[in-house]
Amino acid sequence: MALSYKLQLAYYIIIALTGLIGNTTTIIVFSQRRLRSLRSSFFLTCLAATDLVFIFILIIALLDELQAPVMTVPVCLLTIYFSHIASFLSSNFTLAYTTHRLIAVLFPIKVTTFLKQRTNRILAITLLIFACVFYSISFSVTTTKLRTNTTNIVHCEEDPDKPLLFPFLVLDTLFTFIIPFSSISIMNLTIVYKLQTKLTYKYKLSTASSTAPMISPSIKSSTNSSGQSMTDNIQISQLNNGNNNNIPSESHHLLRQQNRSFLCVRPTQRYKRINNNNRSSPYLPTQQHTPLYQQNASMHIRSTRCRGTASAKTTKMLLAASTVFLVFNLPYHLLLFCFLFIKKQPPWMLDAVNIARLWFFASFCVNFFVYAICGQRFRNEVVRLFCCSFIRHCFGRHNQKRLQERQNSIYMSHRLLPISWSRLSHSN
(Lines give C-alpha, C1' and ligand atoms only; values in the text may rest on other atoms or scores of the structure.)
Protein backbone atom coordinates (compact mmCIF):
# COMPACT_ATOMS: atom_id res chain seq x y z
CA MET A 1 0.00 0.00 0.00
CA ALA A 2 2.80 2.41 0.91
CA LEU A 3 4.70 1.48 -2.26
CA SER A 4 1.66 2.15 -4.46
CA TYR A 5 1.10 5.47 -2.69
CA LYS A 6 4.70 6.53 -3.31
CA LEU A 7 4.48 5.47 -6.95
CA GLN A 8 1.28 7.46 -7.34
CA LEU A 9 2.92 10.56 -5.84
CA ALA A 10 5.95 10.09 -8.13
CA TYR A 11 3.60 9.78 -11.10
CA TYR A 12 1.82 13.03 -10.14
CA ILE A 13 5.16 14.83 -9.78
CA ILE A 14 6.32 13.64 -13.22
CA ILE A 15 3.01 14.69 -14.80
CA ALA A 16 3.18 18.12 -13.13
CA LEU A 17 6.77 18.85 -14.17
CA THR A 18 6.29 17.55 -17.71
CA GLY A 19 3.05 19.48 -18.10
CA LEU A 20 4.58 22.74 -16.83
CA ILE A 21 7.57 22.55 -19.17
CA GLY A 22 5.71 21.14 -22.18
CA ASN A 23 2.69 23.46 -22.12
CA THR A 24 4.79 26.56 -21.44
CA THR A 25 7.04 25.67 -24.38
CA THR A 26 4.00 25.04 -26.58
CA ILE A 27 2.56 28.47 -25.76
CA ILE A 28 5.88 30.17 -26.53
CA VAL A 29 6.42 28.26 -29.79
CA PHE A 30 2.93 28.80 -31.19
CA SER A 31 3.19 32.50 -30.32
CA GLN A 32 6.15 32.88 -32.70
CA ARG A 33 5.62 34.68 -35.99
CA ARG A 34 6.70 31.70 -38.05
CA LEU A 35 3.80 29.58 -36.75
CA ARG A 36 1.11 32.27 -36.66
CA SER A 37 0.33 31.43 -40.30
CA LEU A 38 -0.92 28.06 -39.06
CA ARG A 39 -4.67 28.65 -38.87
CA SER A 40 -5.19 26.34 -35.89
CA SER A 41 -2.28 27.78 -33.88
CA PHE A 42 -4.60 30.04 -31.86
CA PHE A 43 -6.70 27.11 -30.61
CA LEU A 44 -3.54 25.07 -29.95
CA THR A 45 -2.21 27.93 -27.82
CA CYS A 46 -5.53 28.15 -25.95
CA LEU A 47 -5.50 24.38 -25.43
CA ALA A 48 -1.96 24.54 -23.99
CA ALA A 49 -3.05 27.35 -21.63
CA THR A 50 -6.06 25.27 -20.53
CA ASP A 51 -3.84 22.26 -19.87
CA LEU A 52 -1.51 24.50 -17.88
CA VAL A 53 -4.42 25.59 -15.67
CA PHE A 54 -5.29 21.95 -15.00
CA ILE A 55 -1.63 21.21 -14.19
CA PHE A 56 -1.73 23.97 -11.53
CA ILE A 57 -4.86 22.37 -10.07
CA LEU A 58 -3.03 19.04 -10.00
CA ILE A 59 -0.10 20.68 -8.18
CA ILE A 60 -2.49 22.05 -5.54
CA ALA A 61 -3.97 18.57 -5.07
CA LEU A 62 -0.45 17.13 -4.84
CA LEU A 63 0.54 19.64 -2.15
CA ASP A 64 -2.62 18.73 -0.25
CA GLU A 65 -1.62 15.07 -0.42
CA LEU A 66 1.77 16.01 1.03
CA GLN A 67 0.00 17.61 4.05
CA ALA A 68 0.73 21.19 2.97
CA PRO A 69 -1.80 23.73 4.36
CA VAL A 70 -3.13 24.93 1.03
CA MET A 71 -6.67 23.56 0.84
CA THR A 72 -8.66 26.34 2.42
CA VAL A 73 -12.33 27.02 1.65
CA PRO A 74 -11.81 29.50 -1.24
CA VAL A 75 -9.00 27.39 -2.73
CA CYS A 76 -11.18 24.29 -2.55
CA LEU A 77 -14.14 25.95 -4.26
CA LEU A 78 -11.99 27.53 -6.96
CA THR A 79 -10.20 24.24 -7.60
CA ILE A 80 -13.45 22.42 -8.40
CA TYR A 81 -14.71 25.39 -10.42
CA PHE A 82 -11.59 25.69 -12.59
CA SER A 83 -11.28 21.92 -13.02
CA HIS A 84 -14.74 21.86 -14.64
CA ILE A 85 -13.85 24.82 -16.86
CA ALA A 86 -10.51 23.30 -17.91
CA SER A 87 -12.12 19.98 -18.81
CA PHE A 88 -14.84 21.70 -20.84
CA LEU A 89 -12.43 24.00 -22.71
CA SER A 90 -9.98 21.20 -23.41
CA SER A 91 -12.67 19.14 -25.16
CA ASN A 92 -14.11 22.06 -27.11
CA PHE A 93 -10.78 23.52 -28.21
CA THR A 94 -9.90 20.09 -29.57
CA LEU A 95 -13.25 20.06 -31.36
CA ALA A 96 -12.51 23.55 -32.74
CA TYR A 97 -9.17 22.74 -34.37
CA THR A 98 -10.53 19.41 -35.65
CA THR A 99 -13.34 21.38 -37.33
CA HIS A 100 -10.69 23.66 -38.81
CA ARG A 101 -8.88 20.71 -40.34
CA LEU A 102 -12.10 19.24 -41.70
CA ILE A 103 -12.95 22.53 -43.44
CA ALA A 104 -9.39 22.78 -44.81
CA VAL A 105 -9.61 19.24 -46.23
CA LEU A 106 -13.11 19.48 -47.68
CA PHE A 107 -12.95 23.10 -48.91
CA PRO A 108 -9.28 23.95 -49.53
CA ILE A 109 -10.09 26.91 -51.81
CA LYS A 110 -12.54 28.67 -49.46
CA VAL A 111 -10.55 27.97 -46.29
CA THR A 112 -9.25 31.57 -46.12
CA THR A 113 -12.79 32.98 -46.11
CA PHE A 114 -14.09 30.56 -43.47
CA LEU A 115 -11.13 30.44 -41.09
CA LYS A 116 -9.98 33.83 -39.85
CA GLN A 117 -8.16 34.83 -36.69
CA ARG A 118 -10.98 37.17 -35.70
CA THR A 119 -13.48 34.31 -35.92
CA ASN A 120 -11.18 32.14 -33.81
CA ARG A 121 -10.93 34.79 -31.09
CA ILE A 122 -14.68 35.34 -31.01
CA LEU A 123 -15.30 31.59 -30.71
CA ALA A 124 -12.71 31.18 -27.95
CA ILE A 125 -14.11 34.13 -25.94
CA THR A 126 -17.64 32.76 -26.37
CA LEU A 127 -16.61 29.34 -25.06
CA LEU A 128 -14.78 30.92 -22.11
CA ILE A 129 -17.74 33.12 -21.14
CA PHE A 130 -20.18 30.21 -21.42
CA ALA A 131 -17.94 27.99 -19.28
CA CYS A 132 -17.46 30.65 -16.60
CA VAL A 133 -21.21 31.32 -16.38
CA PHE A 134 -22.44 27.73 -16.55
CA TYR A 135 -19.93 26.18 -14.16
CA SER A 136 -20.60 28.78 -11.50
CA ILE A 137 -23.32 26.30 -10.46
CA SER A 138 -20.51 24.22 -8.93
CA PHE A 139 -20.27 26.68 -6.02
CA SER A 140 -23.81 25.83 -4.95
CA VAL A 141 -23.36 22.03 -5.12
CA THR A 142 -19.98 21.86 -3.32
CA THR A 143 -19.75 21.31 0.42
CA THR A 144 -16.74 21.81 2.69
CA LYS A 145 -15.90 20.08 5.96
CA LEU A 146 -13.17 21.02 8.40
CA ARG A 147 -10.58 18.31 8.83
CA THR A 148 -9.53 19.42 12.30
CA ASN A 149 -10.83 22.03 14.70
CA THR A 150 -7.46 23.73 15.05
CA THR A 151 -6.83 24.60 11.38
CA ASN A 152 -8.87 26.00 8.53
CA ILE A 153 -7.95 23.15 6.17
CA VAL A 154 -11.10 21.63 4.70
CA HIS A 155 -12.17 18.63 2.71
CA CYS A 156 -14.51 19.58 -0.13
CA GLU A 157 -16.64 17.47 -2.43
CA GLU A 158 -19.80 17.74 -4.50
CA ASP A 159 -22.76 16.90 -2.28
CA PRO A 160 -24.91 14.11 -3.79
CA ASP A 161 -27.86 15.07 -1.57
CA LYS A 162 -28.39 18.39 -3.33
CA PRO A 163 -31.05 18.16 -6.06
CA LEU A 164 -29.20 20.44 -8.45
CA LEU A 165 -26.17 18.14 -8.68
CA PHE A 166 -27.62 15.46 -10.98
CA PRO A 167 -28.87 17.78 -13.78
CA PHE A 168 -25.62 19.74 -13.48
CA LEU A 169 -23.53 16.59 -13.98
CA VAL A 170 -25.75 15.43 -16.85
CA LEU A 171 -25.29 18.74 -18.69
CA ASP A 172 -21.58 18.72 -17.90
CA THR A 173 -21.29 15.23 -19.40
CA LEU A 174 -23.23 16.37 -22.45
CA PHE A 175 -21.04 19.45 -23.06
CA THR A 176 -17.73 17.86 -22.11
CA PHE A 177 -18.05 14.26 -23.27
CA ILE A 178 -20.95 13.31 -25.55
CA ILE A 179 -21.05 16.22 -28.05
CA PRO A 180 -17.28 16.84 -28.40
CA PHE A 181 -16.17 13.20 -28.43
CA SER A 182 -18.77 12.03 -30.94
CA SER A 183 -18.10 15.03 -33.21
CA ILE A 184 -14.31 14.57 -33.04
CA SER A 185 -14.65 10.87 -33.86
CA ILE A 186 -16.87 11.52 -36.90
CA MET A 187 -14.60 14.33 -38.15
CA ASN A 188 -11.46 12.24 -37.77
CA LEU A 189 -13.01 9.40 -39.76
CA THR A 190 -14.07 11.88 -42.45
CA ILE A 191 -10.57 13.38 -42.66
CA VAL A 192 -8.96 9.94 -42.90
CA TYR A 193 -11.39 8.90 -45.63
CA LYS A 194 -10.76 12.11 -47.58
CA LEU A 195 -6.98 11.76 -47.32
CA GLN A 196 -7.14 8.14 -48.37
CA THR A 197 -9.27 9.10 -51.38
CA LYS A 198 -6.76 11.77 -52.39
CA LEU A 199 -3.86 9.32 -52.11
CA THR A 200 -5.71 6.76 -54.24
CA TYR A 201 -6.49 9.40 -56.87
CA LYS A 202 -2.87 10.61 -56.98
CA TYR A 203 -1.64 7.03 -57.36
CA LYS A 204 -4.03 6.36 -60.25
CA LEU A 205 -3.06 9.66 -61.87
CA SER A 206 0.66 8.89 -61.60
CA THR A 207 0.23 5.41 -63.09
CA ALA A 208 -1.89 6.81 -65.92
CA SER A 209 0.66 9.53 -66.72
CA SER A 210 3.51 7.02 -66.70
CA THR A 211 1.76 4.80 -69.26
CA ALA A 212 0.56 7.67 -71.52
CA PRO A 213 2.66 8.60 -74.64
CA MET A 214 4.89 11.61 -74.18
CA ILE A 215 4.73 14.58 -76.58
CA SER A 216 7.93 16.59 -76.77
CA PRO A 217 7.91 19.06 -79.66
CA SER A 218 11.10 21.03 -80.15
CA ILE A 219 10.86 24.80 -79.80
CA LYS A 220 12.28 26.60 -82.77
CA SER A 221 14.53 29.57 -82.52
CA SER A 222 13.04 33.03 -82.42
CA THR A 223 14.74 34.13 -85.67
CA ASN A 224 12.43 31.96 -87.79
CA SER A 225 9.12 33.32 -88.89
CA SER A 226 5.95 32.51 -87.03
CA GLY A 227 4.42 30.51 -89.86
CA GLN A 228 7.45 28.33 -90.38
CA SER A 229 7.87 27.61 -86.66
CA MET A 230 4.22 26.68 -86.32
CA THR A 231 4.37 24.31 -89.29
CA ASP A 232 7.54 22.71 -87.90
CA ASN A 233 5.86 22.17 -84.54
CA ILE A 234 2.81 20.68 -86.25
CA GLN A 235 5.00 18.27 -88.20
CA ILE A 236 6.89 17.20 -85.10
CA SER A 237 3.70 16.68 -83.12
CA GLN A 238 2.26 14.68 -86.03
CA LEU A 239 5.34 12.47 -86.14
CA ASN A 240 5.19 11.88 -82.42
CA ASN A 241 1.53 10.96 -82.53
CA GLY A 242 1.87 8.85 -85.68
CA ASN A 243 -0.87 10.73 -87.60
CA ASN A 244 0.32 12.38 -90.83
CA ASN A 245 -3.10 13.44 -92.07
CA ASN A 246 -5.01 14.92 -89.11
CA ILE A 247 -3.73 17.24 -86.39
CA PRO A 248 -4.80 15.97 -82.93
CA SER A 249 -6.22 18.09 -80.17
CA GLU A 250 -2.91 18.04 -78.30
CA SER A 251 -1.15 19.72 -81.23
CA HIS A 252 -3.86 22.41 -81.24
CA HIS A 253 -3.07 22.98 -77.57
CA LEU A 254 0.62 23.28 -78.42
CA LEU A 255 -0.22 25.74 -81.20
CA ARG A 256 -2.15 27.92 -78.78
CA GLN A 257 0.79 27.90 -76.40
CA GLN A 258 3.15 28.82 -79.25
CA ASN A 259 0.92 31.72 -80.30
CA ARG A 260 0.95 33.03 -76.74
CA SER A 261 4.73 32.70 -76.60
CA PHE A 262 5.05 34.60 -79.91
CA LEU A 263 2.81 37.34 -78.55
CA CYS A 264 5.02 37.57 -75.46
CA VAL A 265 8.37 37.45 -77.26
CA ARG A 266 7.81 39.22 -80.60
CA PRO A 267 7.64 42.90 -79.42
CA THR A 268 11.04 42.67 -77.74
CA GLN A 269 12.50 40.85 -80.74
CA ARG A 270 11.05 43.43 -83.11
CA TYR A 271 12.60 46.21 -81.06
CA LYS A 272 15.96 44.47 -81.13
CA ARG A 273 15.72 43.92 -84.89
CA ILE A 274 15.02 47.61 -85.50
CA ASN A 275 18.02 48.60 -83.44
CA ASN A 276 20.22 46.05 -85.15
CA ASN A 277 19.05 47.16 -88.63
CA ASN A 278 19.91 50.72 -87.74
CA ARG A 279 23.35 49.51 -86.87
CA SER A 280 23.43 47.58 -90.20
CA SER A 281 24.17 44.31 -88.44
CA PRO A 282 21.94 41.22 -88.38
CA TYR A 283 20.27 40.16 -85.11
CA LEU A 284 21.66 36.90 -83.79
CA PRO A 285 20.16 35.76 -80.49
CA THR A 286 22.72 34.31 -78.12
CA GLN A 287 20.36 32.46 -75.83
CA GLN A 288 16.75 31.41 -75.74
CA HIS A 289 14.62 33.35 -73.25
CA THR A 290 11.74 31.70 -71.39
CA PRO A 291 8.45 33.64 -71.66
CA LEU A 292 7.40 35.47 -68.51
CA TYR A 293 4.03 33.77 -68.18
CA GLN A 294 5.73 30.34 -68.17
CA GLN A 295 8.03 31.42 -65.33
CA ASN A 296 5.04 32.75 -63.35
CA ALA A 297 3.09 29.55 -63.99
CA SER A 298 5.96 27.36 -62.81
CA MET A 299 6.45 29.48 -59.68
CA HIS A 300 2.72 29.32 -58.97
CA ILE A 301 2.76 25.52 -59.35
CA ARG A 302 5.73 25.20 -57.00
CA SER A 303 4.16 27.45 -54.35
CA THR A 304 0.87 25.56 -54.60
CA ARG A 305 2.66 22.25 -54.12
CA CYS A 306 4.57 23.60 -51.13
CA ARG A 307 1.36 24.88 -49.53
CA GLY A 308 -0.35 21.55 -50.21
CA THR A 309 2.51 19.61 -48.62
CA ALA A 310 2.56 21.88 -45.54
CA SER A 311 -1.24 21.60 -45.19
CA ALA A 312 -1.06 17.80 -45.41
CA LYS A 313 1.62 17.68 -42.69
CA THR A 314 -0.43 20.00 -40.46
CA THR A 315 -3.51 17.84 -41.03
CA LYS A 316 -1.63 14.70 -40.00
CA MET A 317 -0.25 16.40 -36.86
CA LEU A 318 -3.65 17.67 -35.73
CA LEU A 319 -5.29 14.36 -36.60
CA ALA A 320 -2.77 12.59 -34.38
CA ALA A 321 -3.35 15.13 -31.57
CA SER A 322 -7.13 14.73 -31.62
CA THR A 323 -6.83 10.93 -31.75
CA VAL A 324 -4.49 10.95 -28.74
CA PHE A 325 -6.98 13.18 -26.93
CA LEU A 326 -9.74 10.62 -27.51
CA VAL A 327 -7.55 7.74 -26.37
CA PHE A 328 -6.52 9.43 -23.12
CA ASN A 329 -9.87 10.98 -22.18
CA LEU A 330 -12.45 8.46 -23.35
CA PRO A 331 -12.07 5.79 -20.58
CA TYR A 332 -12.36 8.25 -17.68
CA HIS A 333 -15.34 10.17 -19.10
CA LEU A 334 -17.09 6.95 -20.07
CA LEU A 335 -16.78 5.57 -16.54
CA LEU A 336 -18.03 8.85 -15.06
CA PHE A 337 -20.99 8.67 -17.42
CA CYS A 338 -21.75 5.15 -16.15
CA PHE A 339 -21.49 6.39 -12.55
CA LEU A 340 -24.36 8.80 -13.14
CA PHE A 341 -26.89 6.02 -13.75
CA ILE A 342 -25.52 3.22 -11.54
CA LYS A 343 -26.43 3.74 -7.91
CA LYS A 344 -24.45 0.85 -6.46
CA GLN A 345 -21.04 0.70 -8.04
CA PRO A 346 -19.12 -2.57 -7.91
CA PRO A 347 -15.61 -2.43 -6.40
CA TRP A 348 -13.91 -3.17 -9.72
CA MET A 349 -15.48 -0.03 -11.19
CA LEU A 350 -13.93 2.12 -8.46
CA ASP A 351 -10.51 0.63 -9.21
CA ALA A 352 -11.10 1.22 -12.93
CA VAL A 353 -11.96 4.86 -12.27
CA ASN A 354 -8.75 5.36 -10.29
CA ILE A 355 -6.66 3.85 -13.09
CA ALA A 356 -8.54 5.84 -15.74
CA ARG A 357 -7.98 9.03 -13.71
CA LEU A 358 -4.22 8.50 -13.88
CA TRP A 359 -4.51 7.96 -17.63
CA PHE A 360 -6.69 11.08 -17.86
CA PHE A 361 -4.13 13.26 -16.07
CA ALA A 362 -1.48 12.26 -18.61
CA SER A 363 -3.53 13.85 -21.41
CA PHE A 364 -2.69 17.33 -20.08
CA CYS A 365 1.03 16.91 -20.77
CA VAL A 366 1.13 14.62 -23.82
CA ASN A 367 0.26 17.19 -26.50
CA PHE A 368 3.77 18.63 -26.52
CA PHE A 369 5.22 15.24 -27.47
CA VAL A 370 2.59 14.72 -30.18
CA TYR A 371 3.43 18.09 -31.75
CA ALA A 372 7.16 17.38 -31.50
CA ILE A 373 6.88 13.93 -33.10
CA CYS A 374 4.35 14.71 -35.85
CA GLY A 375 5.03 18.40 -36.54
CA GLN A 376 8.28 19.23 -38.32
CA ARG A 377 7.81 23.02 -38.10
CA PHE A 378 7.01 22.78 -34.38
CA ARG A 379 10.08 20.62 -33.81
CA ASN A 380 12.32 23.06 -35.68
CA GLU A 381 10.97 25.98 -33.65
CA VAL A 382 11.57 24.12 -30.36
CA VAL A 383 15.16 23.31 -31.37
CA ARG A 384 15.74 26.92 -32.44
CA LEU A 385 14.25 28.21 -29.17
CA PHE A 386 16.37 26.00 -26.91
CA CYS A 387 19.53 26.58 -28.97
CA CYS A 388 19.08 30.35 -28.81
CA SER A 389 18.47 30.27 -25.06
CA PHE A 390 21.52 28.03 -24.53
CA ILE A 391 23.75 30.30 -26.61
CA ARG A 392 22.51 33.38 -24.77
CA HIS A 393 23.11 31.70 -21.42
CA CYS A 394 26.62 30.57 -22.33
CA PHE A 395 27.88 33.61 -24.21
CA GLY A 396 25.64 36.31 -22.75
CA ARG A 397 28.02 37.45 -20.02
CA HIS A 398 31.02 37.52 -22.35
CA ASN A 399 29.10 39.50 -24.95
CA GLN A 400 27.81 41.91 -22.30
CA LYS A 401 31.35 42.59 -21.13
CA ARG A 402 32.56 43.17 -24.69
CA LEU A 403 29.61 45.46 -25.41
CA GLN A 404 30.20 47.43 -22.23
CA GLU A 405 33.91 47.84 -23.05
CA ARG A 406 33.02 49.00 -26.57
CA GLN A 407 30.50 51.51 -25.23
CA ASN A 408 33.07 52.81 -22.74
CA SER A 409 35.67 53.22 -25.47
CA ILE A 410 33.21 55.10 -27.68
CA TYR A 411 32.23 57.31 -24.77
CA MET A 412 35.85 58.10 -23.92
CA SER A 413 36.68 58.86 -27.55
CA HIS A 414 33.78 61.33 -27.73
CA ARG A 415 34.96 62.99 -24.51
CA LEU A 416 38.58 63.31 -25.68
CA LEU A 417 37.63 64.69 -29.09
CA PRO A 418 37.01 68.36 -27.96
CA ILE A 419 40.20 68.30 -25.85
CA SER A 420 42.30 67.25 -28.85
CA TRP A 421 40.75 70.00 -30.98
CA SER A 422 41.43 72.60 -28.28
CA ARG A 423 45.07 71.46 -28.04
CA LEU A 424 45.47 71.74 -31.79
CA SER A 425 44.03 75.26 -31.78
CA HIS A 426 46.39 76.34 -28.96
CA SER A 427 49.38 74.87 -30.72
CA ASN A 428 48.51 76.76 -33.90
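Predicted model: local features only at pLDDT ≥ 70, side-chain atom pairs only at ≥ 80, totals over all residues.
**Entry 1: the largest pocket**

I started with the open space. The largest pocket has a volume of about 2,100 Å³, and 49 residues line it. Which residues lie nearest its centre? I noted Ile80, Glu158, Tyr332, Leu336 and Arg357.

H10 supplies the largest share of the lining, nine residues.

I also sorted the pocket lining by class: 28 residues are nonpolar, eleven are polar and ten are charged.

**Entry 2: the cavity**

How many cavities of 30 Å³ or more does a search of the whole structure find? I got one, and the volume of this largest cavity is about 40 Å³.

H2, H3 and H9 each give two or more residues to the lining of the largest cavity. By class I have three nonpolar residues, five polar and one charged.

**Entry 3: H2 against H3**

With H2 and H3 on the page for the cavity, I checked how they pack. Their axes come within 9 Å and cross at roughly 155°. The cut-off for roughly antiparallel is over 145 degrees, so H2 counts as roughly antiparallel to H3. The crossing of H2 past H3 is left-handed.

On the H2 side of the contact I listed Phe43, Leu44, Cys46, Leu47, Thr50, Asp51, Phe54, Ile57 and Ile60. They meet Val75, Thr79, Phe82, Ser83, Ala86, Leu89, Ser90, Phe93, Thr94, Ala96, Tyr97 and His100 in H3. The class count for this contact is 14 nonpolar, six polar and one charged.

**Entry 4: H3 against H5**

Helix H5 (residues 117-134) was next. The axes of H3 and H5 come within 10 Å, with a crossing of roughly 155°. That angle makes H3 roughly antiparallel to H5. What is the handedness of the crossing of H3 and H5, left-handed or right-handed? I read it as right-handed.

From H3, the residues in contact are Tyr81, Ile85, Phe88, Leu89, Asn92, Phe93, Ala96 and His100. Their partners in H5 are Asn120, Leu123, Ala124, Leu127, Leu128, Phe130, Ala131 and Cys132. This contact has 13 nonpolar residues, three polar and no charged ones.

**Entry 5: H2 against H5**

H2 and H5 have axes 9 Å apart and pack at an angle of about 30°. Since roughly parallel covers angles under 35 degrees, H2 is roughly parallel to H5.

Phe42, Phe43 and Cys46 in H2 meet Gln117, Asn120, Arg121, Leu123 and Ala124 in H5. I count five nonpolar residues in this contact, two polar and one charged.

Terms used:
Residues numbered from 1 in each chain as written. Heavy atoms only, no water. 1 Å grid on protein atoms, 1.4 Å probe; cavity = no way out; pocket = protein on both sides within 12 Å on 5 of 7 lines; lining within 4 Å. Points joined across faces, edges and corners; volume = space filled by probe spheres on them. Helix = DSSP H or I, 4+ residues; strand = E, 2+ residues; numbered from the N terminus. Nonpolar A, V, L, I, M, F, W, Y, C, P; charged D, E, K, R; others polar. Axes fitted to C-alpha atoms, helices over the stretch in contact; angles between N-to-C directions. Parallel < 35°, antiparallel > 145°, perpendicular 65-115°, else oblique. Left-handed = near helix turned anticlockwise from the far one by under 90°. Contact = heavy atoms within 4.5 Å.
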